[in-house]
Amino acid sequence: MARSLQCFQWFWVSGKTLNMQLTLEFGGGLELLCDSKKIHSVNVEPQNGADKLIMKDLLSWVRTNLIKERPEMFMKGDTVRPGVLVLVNDCDWELSGQLNTSLEEKDVVVFISTLHGG
Amino acid sequence: MQEVGTNPKRSSGRMCCICNQRRAALKRTKTLEQICKECFYDVFEEEIHQAIVSNQLFKPGQRIAICASGGKDSTVLAYVLSTLNKRYNYRLDLFLLSVDEGITGYRDDSLETVKRNEIQYGLPLKILSYKDLYGWTMDEIVKMIGLKNNCTFCGVFGRQALDRGAALLEVDKVVTGHNADDIAETVLLNILRGDIARLSRCTSITTGQFIALFSTIIGFCLLQTLDRLATYAYFKKLDYFSTECIYSPNAYRGFAREFIKDLERLRPRAILDIIKSGENFRISTTMKMPEQGTCERCGYISSQKWCKACVLLEGLNRGLPTLGIGRNRGSVNGRKNSEETKGGKSIESKGCGTLDF
Ligand SMILES: [Zn+2]
Ligand SMILES: [Zn+2]
Ligand SMILES: [Zn+2]
């Protein structure tokens, strides 16, 4: 525990890898795919040393790190499955460029499945 | 250091097309205008208000039960209807009415949501169970008949249960909320099955009315897509239950749903347009409704000797669960007319929670 914290600080100070702290929220049944936990506070590294993180990267990160079962309920191709609503800071991601939306420290990203239940 | 404007999310912080004061949060389904949260609430609620007014759904002083399943549609309907009732002084007495089919892990959890809604919206709640009404839970029915025809039971028992609940609450009308996606699916499925006549049977696709014994049951399409219903519910922090019924719709409906979702992605208003097409398919000739009598067994309205619920129950109790479903022989009602056979067939292939009028 103490050791990983040290590592984290080293990375942070050296500035080689910027960890971005994000809050991810899953709803409408999607939480069932990630241990039934709705809110995840996560640190995500930008891909391949890039200095920014976009939604496309975040989706593949989520798929690898958070989704524990039935990934097809969450994604179709390289984007979310039709019927999954995405909000970045309470704003529909359609307005911010969908997969190309850039993320910033402390952003809140919400995924809601609209398909379940009547 | 980031330059100002490199982040499309912030730089495109466009202003709302309607108020021009707050930052846009989403696009309107109909017009694709970018609007803010507050204006979205206004537009959303106003569209529902307009549908209520133009269809003359309610009269002042009426007692209305909202069919509450704990799901998104009914939770949004209950919230919006109680809001509009106050805002526009409809002078309605509103109630929540829930049917407990007896589905472990689904209905028992969703009823907890409905009980919270009772407190959140201050609307009195009545719950009726299949077990009390018919002596069978849905779990027991499925154990006996399997998963194939269970939605026939949902449809027939469900509607009658709502009507009996209406009698207990002494309400004039029961209103069930539906989203635009489900109605568009139903329109498509009817077209795919060659059943255009079914589309024309109801007075209106968006406000299908069924006159039952004690009340009128209105299937009210909120004309909002699932996407927008979910957005509204999320922004308003409405408490709803979101797990699919485990005895859920058939594969054919599933394909129609996927198809509609793909269309919506290409063109968001496709869903609303399918419904509009459905409305235009309505044939103007007046349908001859089957003559209404009463069921010899339970006294409920029925065009046959026995009502559909009694036929289904007889089958269950005699261990012949397919009685009354589709093309079975030896029906209690003897020779069936073609109308009945056809009705049975289309009920059979319907998913639960769909508008069945
Ligand atoms: Zn506005
Ligand atoms: Zn069903
Ligand atoms: Zn009967």
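This is a predicted model: local features need pLDDT of at least 70, side-chain atom pairs count only at pLDDT 80 or more; totals for chains, interfaces and linings use all residues.
Residues are numbered from 1 along each chain as its sequence is written, and chains are lettered from A and ligands numbered from 1 in the order in which they are written. Local features need pLDDT of at least 70, side-chain atom pairs count only at pLDDT 80 or more, and totals for chains, interfaces and linings use all residues; side-chain values use heavy atoms, with hydrogens and water left out.

**Exercise 1.** Find which residues coordinate the zinc ion (ligand 1), and state the geometry of the site.

*Solution.* 
- Donors are N, O and S atoms within 2.8 Å of the metal (3.2 Å for Na, K and Ca); water is not among the atoms, so sites may look incomplete.
- The SG atoms of B:Cys16, B:Cys19, B:Cys36 and B:Cys39 coordinate the ion at 2.3 to 2.4 Å.
- Along the chain, these donors of ligand 1 follow the spacing C-x2-C-x16-C-x2-C.
- Four donors count as tetrahedral if all angles lie between 85 and 135 degrees. The four donor atoms of ligand 1 make angles of 104 to 114°, and the site is tetrahedral.
- B:Cys36 and B:Cys39 are both buried (under 20% relative accessible area, 1.4 Å probe, protein chains only).

**Exercise 2.** Explain why the arrangement around the zinc ion (ligand 3) is tetrahedral.

*Solution.* 
- The ion is coordinated by the SG atoms of B:Cys295, B:Cys298, B:Cys307 and B:Cys310, at 2.3 to 2.4 Å.
- The sequence spacing of the donor residues of ligand 3 is C-x2-C-x8-C-x2-C.
- The arrangement is tetrahedral because the four donor atoms subtend angles of 105 to 116°.

**Exercise 3.** Describe the contact between domain 2 and domain 3 of chain B.

*Solution.* 
- An automatic or database domain assignment gives chain B domain 1 (1–35), domain 2 (41–283) and domain 3 (291–327).
- Domain 2 of chain B brings 17 residues to the contact and domain 3 of chain B brings 16 residues (contact: heavy atoms within 4.5 Å).
- The buried area between the two domains is about 1400 Å², with 78% from carbon and sulfur atoms; buried area is the accessible area (1.4 Å probe) that two parts lose on being put together, summed over both.
- The count of salt bridges between domain 2 and domain 3 of chain B is zero (side-chain nitrogen of Lys or Arg within 4 Å of a carboxyl oxygen of Asp or Glu).

**Exercise 4.** Describe the interface of chain B and chain A.

*Solution.* 
- In this contact, 35 residues of chain B meet 34 residues of chain A.
- About 2900 Å² is buried between chain B and chain A, and carbon and sulfur atoms give 47% of it.
- Five salt bridges cross the interface of chain B and chain A.
- A:Arg81 and B:Glu258 form a salt bridge, with the closest N and O atoms 3.1 Å apart.

Notes: Four donors count as tetrahedral if all angles lie between 85 and 135 degrees; four count as square planar and six as octahedral if opposite donors are over 155 degrees apart and all others between 65 and 115; anything else is irregular. Buried means under 20% relative accessible area, exposed over 50%, partly exposed in between (1.4 Å probe, protein chains only).
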